[in-house]
Structures are given as C-alpha cells and as structure tokens.
Amino acid sequence: MQTTNERGGALVTGASKGIGYAIALELSRRGHPVMIAARDLANAEDAARRIASATGNPATAVRADRADRAAAAGAVEQAIAFTGRLGILVNNVGGSLFGGILDI
C-alpha cells in the first residue's frame, strides 16, 4: 500500500512501545503516515494497528534489528514504498554494538 503526504511519511525505530511508540503516535496525529520498525514484528504490527485506529492515519510495521544492516536498509526502502516519500526518520534504538557508554 502506498500513501502520500506532502511532508512525507515517518519511519520510527524502536517504536512498538515506550518513547518510540509515543513519537510515532504523535507524528501520526500530525498527519504523517507512519512505519514502525522493531525487532518483534508482532508487537510492531499491534502498535501500528493501535496508532491507525487512534488517529485514522495510515500506519504499518516492519521487522528490523539494528545489528542487521540489510534489515535496516530494507526498512527504509519499505517505508519509502509505504509513504511515497520519507520525510522523517527517528532513530529510537537504544544501546550500542560497541559496548557500554564508558567503553566507547
């Protein structure tokens, strides 16, 4: 499904719950079609359904893991295909692959 928005759609990572979910919900309330990316596709799909139901704007989900570069690139491609134009990217993924903050 492709949807269009003059300002573009939004891809929000780590958005199946918590701060990421709140960001995706607010972007949808502001009229942006939203794609939610998370490691757990079932949770992401549930979040997308709740957002679409609450706002009446399109929302969908994609499985992506920050440790998998191909999945990240695929999420961006899917977001562009879904929204028509990606105007907002929110990277809400926590942690580092390189160790804790003191190690970095």
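Modeller: Buried means under 20% relative accessible area, exposed over 50%, and partly exposed in between, with a 1.4 Å probe and protein chains only. Helices (H or I, at least four residues) and strands (E, at least two) are DSSP runs, numbered from the N terminus. This is a predicted model, in which local features need pLDDT of at least 70 and side-chain atom pairs count only at pLDDT 80 or more, while totals for chains, interfaces and linings use all residues. Residues are numbered from 1 along each chain as its sequence is written, and side-chain values use heavy atoms, with hydrogens and water left out.

Colleague: In which sense do β1 and β2 pair?

Modeller: Two strands pair if DSSP finds at least two bridges between them. Strand β1 (residues 9-13) is parallel to β2, with 4 bridges, and A10 has V34 as its bridge partner. Between β2 and strand β3 (residues 59-63) there are 5 bridges, again in the parallel sense. There, A38 stands opposite R63.

Colleague: What handedness does the β-α-β unit of β1, α1 and β2 have?

Modeller: A crossover is right-handed if, with the strands pointing away from the viewer, the path from the first strand over the helix to the second runs clockwise. The unit made by β1, helix α1 (residues 18-29) and β2 is right-handed. From β2 the chain crosses through helix α2 (residues 41-55) to β3, and this crossover is right-handed too.

Colleague: Which residues have the most contacts inside the largest nonpolar core?

Modeller: A nonpolar core is a set of buried Ala, Val, Leu, Ile, Met, Phe, Trp, Tyr and Cys residues joined through side-chain atoms within 4.5 Å. The largest one has 17 residues, and those with the most contacts inside it are V12, A24, L27, V34, I36 and I51. At least two residues of this core come from each of β1, α1, β2, α2 and β3. Contact means heavy atoms within 4.5 Å. Leaving aside neighbours within four places in sequence, I36 is in contact with residues including V12, A24, I51 and V62. Another core, of 8 residues, lies apart from the largest one; M35, A75, A79 and F82 are among its members.

Colleague: Where is A79, and is A79 buried or exposed?

Modeller: A79 is in helix α3 (residues 69-83). A79 counts as buried because its relative accessibility is 0%. Beyond four places in sequence, A79 is in contact with L11, M35, G84 and L86. A79 and G9 are 70 residues apart along the chain, yet their C-alpha atoms are separated by 7.6 Å. The side chain of T83, also in helix α3, reaches the backbone oxygen of A79 at 2.8 Å.

Colleague: How many salt bridges does a search of the whole structure find?

Modeller: A salt bridge is a side-chain nitrogen of Lys or Arg within 4 Å of a carboxyl oxygen of Asp or Glu. The search finds 3. E26 meets R29 at 3.9 Å, N to O, and E26 meets R30 at 2.8 Å. R50 meets D46 at 3.1 Å. R50 and D46 are 4 residues apart in helix α2, so about one helical turn separates them. Shared partners join E26, R29 and R30 into one network.

Notes: Polar contact = N/O pair within 3.5 Å; in protein donor to acceptor, adjacent residues only side chain to side chain.
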